[in-house]
Amino acid sequence: MRLAPKLASAFIAVAVTLLVATGALRVRRELAIAEADARHDHEAVGLAVAGAARVVLQSQGPDAARAAIEDAARVAHLKFRWVCRPAGATMATTCVELASLGDRSISRVATRDVVELRATYVAFC
């Protein structure tokens, strides 16, 4: 075999390898950005609903706050719950963790039947 085809084949192999590696890194970076955006959006919605629920809780009581959370869930087509579960439950957080949140939030991600589920816990009391 002559030298030119060998060099061309080697160059093509190296170029393809570099393109595949660059593509894989770009996909990984974009997935990380998408994950960060989803977490940020989820927490922003949770904090907004928690703030509204806090105001309703203080002015109208717990039943009205639960109703406000249910209304927000219906409008946003999301699930909002007033929770405090045992630590062993899936995607749950402990009551101690919830009590210590302050202005922060806790996010949990679980995969069930190849579907990613995200839960964000926000203290509002």
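Arg 74 counts as exposed, with a relative accessibility of 56%, where exposed means over 50% relative accessible area, buried means under 20%, and partly exposed is in between (1.4 Å probe, protein chains only). The model described here is predicted, so that local features need pLDDT of at least 70 and side-chain atom pairs count only at pLDDT 80 or more, while totals for chains, interfaces and linings use all residues. Residues are numbered from 1 along each chain as its sequence is written, and side-chain values use heavy atoms, with hydrogens and water left out.

**Overall layout**

The protein contains 3 helices and 2 strands, which follow one another along the sequence in the pattern α-α-α-β-β. These elements are DSSP runs numbered from the N terminus, with helices being H or I runs of at least four residues and strands being E runs of at least two. Of the 125 residues of the protein, 20% count as buried. The accessible surface, computed by the Shrake-Rupley method with a 1.4 Å probe and, for residues, with only the protein chains shown as cover, comes to about 9200 Å², and 62% of this surface belongs to carbon and sulfur atoms. Among contacts (heavy atoms within 4.5 Å) with a separation of 6 or more, 40% come from residues 24 or more positions apart.

Helix H1 (residues 3–60) has 58 residues and reaches 84 Å from its first C-alpha to its last, close to the 86 Å expected at 1.5 Å a residue, the expected span being 1.5 Å times one less than the number of residues. Its buried residues are Gly 46, Val 49, Ala 50, Ala 53 and Val 56, and they pack against helix H2 (62–76) and strand E2 (115–122). Just after H1 comes Gly 61, which takes a positive phi of about 100°.

In H2 the buried residues are Ala 64, Ala 65, Ile 69 and Ala 73, and H1 is included in what covers them. H2 is followed by His 77, whose phi is positive, near 55°.

**The nonpolar core**

A nonpolar core is a set of buried Ala, Val, Leu, Ile, Met, Phe, Trp, Tyr and Cys residues joined through side-chain atoms within 4.5 Å. The largest such core has 5 residues, namely Val 49, Ala 53, Ile 69, Ala 73 and Phe 80, and the elements giving two or more residues to this core are H1 and H2. When residues up to four places away in sequence are not counted, Ala 73 touches Leu 78, Lys 79 and Phe 80.

**Salt bridges**

The structure holds 2 salt bridges, each defined as a side-chain nitrogen of Lys or Arg within 4 Å of a carboxyl oxygen of Asp or Glu. Side chains of opposite charge can pair when their charged atoms come close.

| Salt bridge | Distance, N to O |
|---|---|
| Glu 35 and Arg 39 | 3.8 Å |
| Asp 71 and Arg 74 | 2.3 Å |

Glu 35 and Arg 39 are 4 residues apart in helix H1 and therefore separated by about one helical turn. Glu 35 is partly exposed, at 28% relative accessibility, and Arg 39 is partly exposed too, at 35%. Asp 71 and Arg 74 are 3 residues apart in helix H2, which again means a separation of about one helical turn. An α-helix has 3.6 residues a turn, so residues three or four places apart point the same way. Asp 71 counts as partly exposed at 38% relative accessibility, whereas Arg 74 counts as exposed.

**A nonpolar surface patch**

Phe 11, Ile 12, Val 16 and Val 20 form a nonpolar patch on the surface, with about 430 Å² of accessible area together. Patches are made of residues with over 30% relative accessible area and no salt bridge, with like charges joined within 9 Å and nonpolar side chains (Val, Leu, Ile, Met, Phe, Trp, Tyr) within 5 Å. Phe 11, which lies in helix H1, is exposed, with a relative accessible area of 61%.
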